[in-house]
Structure formats: structure tokens, C-alpha cells
Amino acid sequence: MTAYIQTQSGRRVPLSLEIASTPYDRALGLMYRKSLNDLHGMLFVYHKPSKLSVWMKNTFIPIDILILDSQGVIQCIRQGQPHDLTSLGCYAGLSQYMIELPLGNCQRYGIQQGDQLF
């Protein structure tokens, strides 16, 4: 699926996203992948807002983790390193979506908290 992040600076960043909407797909995520192309990633869809977190078990590539509310607004961005078992989340509010992209994509394209997915 193609989606876009509208940045607060007015830039529209195109993303190519795989969808993970089942419990199995969300649990598997990007585990065991050896590479991920620039601006390609995974959109995790949860059926109701909750406090989301992720860890990097069996994940071989470093990633940017974007946690979004039910309106698609980025609440926070975290960086995950391969095989890190630390829980990475955003606990300021309830979230319904998460996007994982190659590490550095947020900085490279100016994606930040408050930007909007559409």
C-alpha cells in the first residue's frame, strides 16, 4: 500500500507499506528480514486504541518506530536496534497504529512528532 506522511513543514513523504493487521502478522513484524529499502516499511494496525510497545527480538535491521494515534498523528518516534529486548513505546496516550521504517528515514525526510499519516 502507498501512504503519505504530511510533515509540518509541508513536505509529503511517500511510503510503501506492508500491512500487519492480524495478531500473527503483528507479532512477526519485520523479524528475520535482512534488509529494508528506503521509505519501505510496515504499518501495524490495531483494532482499538491502546498503549503500544515493541521490541526488537529476532529483528536484524535497525529501524525508526513511529507510533500514531487513532487519527494517524505521530505521537512519538523511537529507534530500535537489532536484537534489543528493551520495550520501546509511547505511553503519553493511546495509540492505534505503528509504522516501522529503516533507521534514519525520519531524520532524512524530516518526519517528526505531530506529522500526519494519510
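## Strand 1 and its two faces

Strand 1 (residues 2-6) has A3 and I5 on its covered face, while T2, Y4 and Q6 lie on the uncovered one. In a regular strand, side chains alternate between the two faces of the sheet. Strands here are DSSP runs (E, at least two residues), numbered from the N terminus.

This is a predicted model, in which local features need pLDDT of at least 70 and side-chain atom pairs count only at pLDDT 80 or more, while totals for chains, interfaces and linings use all residues. Residues are numbered from 1 along each chain as its sequence is written, and side-chain values use heavy atoms, leaving out hydrogens and water.

## Partners of strand 1

Strand 1 pairs with strand 2 (residues 12-20) in the antiparallel sense, over 5 bridges; two strands pair if DSSP finds at least two bridges between them. The two strands form a hairpin with 5 residues between them, and G10 in the turn has a positive phi of about 100°.

Strand 1 is also joined to strand 9 (residues 116-117) by 2 bridges, again antiparallel. I5 has V13 as its bridge partner in strand 2 and stands opposite L117 in strand 9.

## Cysteines

The structure holds 1 disulfide, a term for a pair of cysteine sulfur atoms within 2.5 Å. C76 and C90 form it, with their sulfur atoms 2.5 Å apart. C76 lies in strand 6 (residues 74-80) and C90 in the loop between strand 7 (88-89) and strand 8 (95-102), so the pair ties together parts 14 residues apart in sequence.

C76 is buried at 4% relative accessibility, and C90 is buried at 3%. Buried means under 20% relative accessible area, exposed over 50%, and partly exposed in between (1.4 Å probe, protein chains only).

C106 is buried, with a relative accessible area of 5%.

How values were computed:
Helix = DSSP H or I, 4+ residues; strand = E, 2+ residues; numbered from the N terminus.
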